[in-house]
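Morning, everyone. I have one protein to show you today. Please take a look at the sequence and the structure first.

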Amino acid sequence: MKYVFIALFAAASIAHLYFSWKDDKRGRACTKPFLLIFLALFYVFSVDEVSLLLLFALLTSWLGDVLLIPKGHKWFSAGGVSFGISHLLFIAVYAQRISYESVPWLPVIILAVVYCLIAAKIISMVWKTTPKLMRGVMYVYLLANSAMNVFALMQLLTTSAVGAVIAYIGAVLFFVSDCGLFLVRYYKEKQIVYRNHFTVMLTYIAGELLITLGIIMLSV
């Protein structure tokens, strides 16, 4: 069954990316709800013991996808909350595999600062065109994604397994996607992101897939 669901995920992803490339809003809205559902089902059928933390991380990401479909700041905020929860759940997944006494803290701290600076730069770019009530929330959200990336890095540095490398690359792509999404939504020059939603969704889909594949490999 796992091959069926990964094939369905691939088909839905290709269709969604096609509609994103064409900037077909209706096509994007119709295909988006299927992406993470198929990926979650692929995960369930790929492991002997399902991690509820990872499963709920994928499902809250799916809910975030759905909530971002309608227009409006309230829907965007609701989707952000759901994705924020997914980041916390991903952190919990990584934390289970981190040997904290073996963490080389200097590179971790340096990279954490870099993520925070990038997040601050993105928020500064959209500051004037973002509703006042959302500015702080958006920065906190990017910091949550940054934290998720830092924990993925710590998992990599203390595990040194291929699965950890793949999961970290997925986390980085997720961060890139979120930064791109904020620019597409609120930056005055939306073309700063190549093909707008196509690039956002390409990095997002690849990120979620690689995180899932990485954890599957680490679970074997």
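**Starting from Phe90**

This is a predicted model. Let's begin at one side chain. What does Phe90 touch once we skip residues up to four places away in sequence? The list is Leu54, Ala57, Leu58, Ser61, Met148, Phe174, Glu208 and Ile211.

Now the setting. The largest nonpolar core has 64 residues. Phe90 is among those with the most contacts inside it, along with Leu58, Tyr94, Leu142, Met148, Phe174 and Phe182. Which elements give two or more residues to this core? Helix 1 (2-21), helix 2 (25-44), helix 3 (52-67), helix 4 (73-95), helix 5 (105-126), helix 6 (132-159), helix 7 (162-186) and helix 8 (197-219). Helix 7 gives the largest share, 11 residues.

Next, the overall fold. The count is 8 helices and 0 strands. Along the sequence that reads α-α-α-α-α-α-α-α. The radius of gyration is 17 Å, close to the 17 Å from the globule rule for 220 residues, so the protein is as compact as a globular protein of that length. Its C-alpha atoms fill a box of roughly 45 × 45 × 25 Å along the principal axes.

Buried residues make up 47% of the 220.

Last, the surface and the charges. The accessible surface is about 10800 Å², and carbon and sulfur atoms hold 72% of that. There are 17 positive and 9 negative side chains. The centres of those two sets lie 15 Å apart.

Note on methods. Residues are numbered from 1 along each chain as its sequence is written. This is a predicted model: local features need pLDDT of at least 70, side-chain atom pairs count only at pLDDT 80 or more; totals for chains, interfaces and linings use all residues. Side-chain values use heavy atoms; hydrogens and water are left out. A nonpolar core is a set of buried Ala, Val, Leu, Ile, Met, Phe, Trp, Tyr and Cys residues joined through side-chain atoms within 4.5 Å. Buried means under 20% relative accessible area, exposed over 50%, partly exposed in between (1.4 Å probe, protein chains only). Helices (H or I, at least four residues) and strands (E, at least two) are DSSP runs, numbered from the N terminus. Contact means heavy atoms within 4.5 Å. The radius of gyration is taken over C-alpha atoms; the globule rule is 2.2 Å times the number of residues to the power 0.38. Accessible areas come from the Shrake-Rupley method with a 1.4 Å probe; for residues, only the protein chains shown count as cover. Lys and Arg count as positive and Asp and Glu as negative; His and the chain ends are not counted. The place of a charge is taken as NZ of Lys, CZ of Arg, CG of Asp or CD of Glu.
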